[in-house]
Structures are given as C-alpha cells and as structure tokens.
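Have the viewer open as you read.

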Amino acid sequence: MEILRIAAIGLVCALLVVVVREQRPEIAVLLSAACGIIILFYAVNYITQAVYAIKLLMDKSGIDPSLLGAVLKIVGIGYITEFSASLCEDSGNKSIADKIQFGGKVLVLIISLPLLNAVIDIILSLVQ
Amino acid sequence: MEVEIIFKIAAIGILTAVCGQVLKKSDKEEIATLVTLAGLVIVLGLVVSMISTLFETLKDLFNLY
C-alpha cells in the first residue's frame with residue numbers, strides 16, 4: 001500500500017520539523033521541502049501511468065496531438081507552481097508565493113491562447 | 001530518492017543547534033555563527049539537488065521545454 005508509506009513519511013517528517021523548528025527555523029523549512037519532494041517522487045510513478053493512459057485515449061479519439069501537449073504542459077506548470085508557492089508560504093513569504101502563482105497563471109494563459117484561437121476558428125467556420 | 005535524507009537533514013539541524021549552544025556558552029559567538037552557516041549550506045546543497053531532480057522529472061513527464 002503506497003498510501004500508507006506516503007502517510008508515514010508525512011507524519012514522521014512533520015514530527016521532525018516540529019523538533020527542528022525550535023532551534024533552527026531555516027533548516028525546518030528545507031526539511032519540509034525535502035519531505036514534499038520525496039512524497040511527490042512516490043506520486044510521480046503513478047502520474048506517468050496516468051499520462052500514458054491519457055495519451056492512448058487521445059490516440060484513439062483522433063484529436064490533434066499538439067492539443068494534448070498543451071494540456072500536459074499546463075498541468076505540469078500547475079504542479080510546479082503549486083509546489084514552489086506552498087514552499088514559499090511555509091517559509092513565511094506569502095508575497096513571493098503570490099508572485100509565483102501570478103507567473104504560473106500568466107504562463108498558462110500564454111500556452112492556452114492557441115487553443116482559444118482554434119476554438120474561435122471552429123466557431124467562425126460553423127457560423128459562415 | 002530515499003527517506004533517509006529526511007533523517008539526515010533533521011540530524012544536521014539538531015547537531016548544529018547543539019554545537020551552537022555549546023559554543024555560545026563558552027563565549028565563541030563567531031564560531032557558533034559559522035557552525036549555523038555551515039549547517040545551512042550543507043542542507044541547502046542537499047535540498048537544491050533534490051529540487052532540481054524533481055523539476056527535471058516533471059519537465060520530462062509533461063513535455064515542458
């Protein structure tokens with residue numbers, strides 16, 4: 001059971017962070033970051049399987065593969081943004097976390113603009 | 001990516017805390033500061049390499065270039 005392992009790692013790490021934070025708050029932040037990375041690595045194995053399954057589905061449905069690439073990119077930007085923003089928030093830098101999230105939103109917007117263009121092209125061809 | 005690294009980081013944190021307190025009690029403030037800094041740099045090195053591995057993995061996984 002992978003979830004038991006993940007939960008155990010989280011609990012042990014939370015305990016260690018509480019112990020270390022008393023004396024060395026800066027190392028406590030890095031410790032919680034390391035814990036988050038290890039848990040994410042356990043999850044990445046399963047994300048790989050999910051991405052592979054989604055790719056198979058897209059192949060069957062005959063949708064343009066570049067669209068799937070854009071969607072995957074957006075999901076990846078979301079994961080990275082969330083991870084680093086919550087890390088910054090943990091270390092007490094709420095404003096930097098907000099800026100990271102803002103940057104992530106802008107990048108997602110830039111990537112999704114071609115998709116929006118494609119939708120508008122389809123709508124225009126239907127109208128005419 | 002193994003769990004032992006968490007214990008390693010926590011051990012470095014506790015060790016530097018103890019060393020710092022001992023050095024402070026014996027009036028060696030400047031060495032205590034250096035110990036704190038050294039611990040921070042070691043842990044930072046460990047965590048930064050982990051973060052870069054994670055980001056590389058995510059980049060490969062989601063085709064981010």
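The largest nonpolar core has 23 residues, and those with the most contacts inside it are A:Ile27, A:Leu30, A:Leu31, A:Ala34, B:Ile6 and B:Ile9. Here a nonpolar core is a set of buried Ala, Val, Leu, Ile, Met, Phe, Trp, Tyr and Cys residues joined through C-beta atoms within 7 Å. A residue is buried if 20 or more other C-beta atoms lie within 10 Å of its own, exposed if 12 or fewer, and partly exposed in between, with C-beta atoms placed from the backbone. Two residues are in contact if their C-beta atoms, again placed from the backbone, lie within 7 Å.

Which elements build this core? Two or more residues each come from helix 1 (2–23) and helix 2 (25–61) of chain A, and from helix 1 and helix 2 of chain B. Helix 2 of chain A gives the most, with 10 residues. Helices (H or I, at least four residues) and strands (E, at least two) are DSSP runs, numbered from the N terminus.

Before going further, a word on conventions. This is a predicted model, in which local features need pLDDT of at least 70 and side-chain atom pairs count only at pLDDT 80 or more, while totals for chains, interfaces and linings use all residues. Residues are numbered from 1 along each chain as its sequence is written, and chains are lettered from A and ligands numbered from 1 in the order in which they are written.

Now zoom in on A:Leu30. Leaving aside residues up to four places away in sequence, A:Leu30 touches B:Ile9, B:Val43, B:Leu44 and B:Val47.

Step back to the contact between the chains, which takes 26 residues from chain B and 29 residues from chain A. On the chain B side, helix 1 (4–25) and helix 2 (29–62) each supply at least two residues. The largest share of that side, 13 residues, comes from helix 2 of chain B.

Finally, look at chain A as a whole. Chain A has four helices and zero strands, in the pattern α-α-α-α along the sequence. Its C-alpha trace spans about 70 × 40 × 15 Å along the principal axes. The radius of gyration (taken over C-alpha atoms) is 20 Å for chain A, whereas a compact globule of 128 residues would have one near 14 Å; the globule rule is 2.2 Å times the number of residues to the power 0.38. Buried residues make up 17% of the 128 residues in chain A.
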